Amino acid sequence: MPEQGASTPHIEQAAGPEAEPAAARTVPRTGLLVTLILGGLTATPPLAMDMYLPSLPEVTKSLHAPAATVQLTLTACLLGMALGQLVAGPMSDRWGRRRPLLTGLVAYVVSTVLCAFAPTVESLVAFRLAQGLAGAAGIVIARAVVRDLYDGVAMARFFSTLMLIGGVAPIVAPLIGGQILRVTDWRGVFVVLTVVGTVLTAFVWAKLPETLPAGERHGGGVGEALHSMRRLLADLPFTGFMLAGGFAFAALFAYISASPFVIQEIYGASPQTFSLLFGLNSVGLVVVGQINGKVLVGRVRLDRALGAGLLVVITAATALLLMSTGVFGDVGLAPVAAALFVLMSAMGVTLPNAQALALMRTKHAAGSASALLGTSSFLIGAVASPLVGIAGEHTAVPMAVVQLAAALVALACFMGMCRPGNGRTSAEGADS
């Protein structure tokens, strides 16, 4: 069983002869352009959601819909991304990474165009569902490609690199969205998203190579995919890391879904101010993610870093709940923004390590494993999204309650199912 710090590549040409010791093998390099493409695919969710966030209050007025209904456009996109990964992941294990990825990207562009012309909130919800279903291919296959190429510490570091690249999207996207609203309405946001999706599709078609050799593909259909997923879920540490990451993502998505209303409606900030605060929080996530990849990984056990990140999220969510319920009186925007900054920054340690620890336990079904990781995160996030608006748009209490509850469940799954520190959590075992 490999140590947690082990790093073994998965491309035969780069790995060298089988008899060569693992420590002597070199990690395969993807090249800067391919790394940027994978980062762009990873950025699909924040581009699809965060650029749209500053316009949520405007959508409620434009389509004459209540805030809770408009928040369903976020839920629908998340639900689509969750369900789409269950299809795209196993498809990429069977037919390789490129064909399912390109098909999904083309469908993503078409559905984004439809969002721009949605006449009602109901049709917008439907088109956002289609957008999520199509965009799921980019999310799940990008993770599978990383698993094709890397293992162990190298994989955790590459995930942190993707977080840096993908983290630019939530920094820039709300800022762009806020500026777009200066010159046009919310429909213009989807026009920009269409252009970005088209450019990404062109780069994938021209520059992203196939990373899953034909001899390593699974010939089975739906039954084989389901069997593979059942085998993965039967591995308790894999499921524990999956659920820990999924509930941590729910805490993050509660922030994404509720913060436009909390910052703008409760505290009276403009869309541009909200975009700046959202971008600052994203900077925190990216910086901590890079500290995780460049400093912590290889020096601190991944499970210990994950546990510490979850504890910080719990602390920040507790502070938000106390402030939202008036325990400290009328605290104003600055302390709330500070607590949100701490919570978001902690995600830079929590999310990449949860994914890396889960994927380290699977080698031969990376697409299916990636699908389970993504589906669980987006499904749990989709459930959390409407809960944050259940008491209306004039209180932050539901957001704080959802964040704290999700973080506590994540910690319970991590401690109870993964049993960190016992020496078994990092070993491959789900599909060996």
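**Exercise 1. State what share of the residues of the protein counts as buried, and describe the accessible surface.**

Solution. The model is a predicted one. Of its 432 residues, 57% count as buried. The accessible surface comes to about 16,400 Å². Carbon and sulfur atoms account for 69% of that surface.

**Exercise 2. Describe the secondary structure and the sequence separation of contacts in the protein.**

Solution. The secondary structure consists of 16 helices and 0 strands. Next, consider contacts between residues at least 6 apart in sequence: 86% of these join residues at least 24 apart.

**Exercise 3. Determine how helices H13 and H14 are oriented relative to each other.**

Solution. Helix H13 spans residues 302–324, and helix H14 spans residues 333–359. Their axes come within 8 Å and cross at roughly 155 degrees. Angles over 145 degrees count as roughly antiparallel; H13 and H14 are therefore roughly antiparallel to each other. The handedness of the crossing is left-handed. Sorted by class, the residues in the contact of H13 with H14 are 21 nonpolar, 3 polar and 1 charged.

**Exercise 4. Is Thr 239 buried or exposed, and with which residues is Thr 239 in contact beyond its neighbours within four places in sequence?**

Solution. Thr 239 lies in helix H11, which covers residues 236–266. The relative accessibility of Thr 239 is 10%. Buried means under 20%, so Thr 239 counts as buried. With neighbours within four places in sequence left aside, Thr 239 is in contact with Leu 232, Leu 233 and Met 417.

Definitions and conventions: Residues are numbered from 1 along each chain as its sequence is written. This is a predicted model: local features need pLDDT of at least 70, side-chain atom pairs count only at pLDDT 80 or more; totals for chains, interfaces and linings use all residues. Side-chain values use heavy atoms; hydrogens and water are left out. Helices (H or I, at least four residues) and strands (E, at least two) are DSSP runs, numbered from the N terminus. Buried means under 20% relative accessible area, exposed over 50%, partly exposed in between (1.4 Å probe, protein chains only). Contact means heavy atoms within 4.5 Å. Accessible areas come from the Shrake-Rupley method with a 1.4 Å probe; for residues, only the protein chains shown count as cover. Axes are lines fitted to C-alpha atoms, for helices over the stretch in contact, and angles run from 0 to 180 degrees between N-to-C directions. Angles under 35 degrees count as roughly parallel, over 145 as roughly antiparallel, 65 to 115 as roughly perpendicular and the rest as oblique. A crossing is left-handed if the near helix is turned anticlockwise from the far one by less than a right angle, and right-handed if clockwise. Ala, Val, Leu, Ile, Met, Phe, Trp, Tyr, Cys and Pro count as nonpolar, Asp, Glu, Lys and Arg as charged, and the others, Gly among them, as polar.
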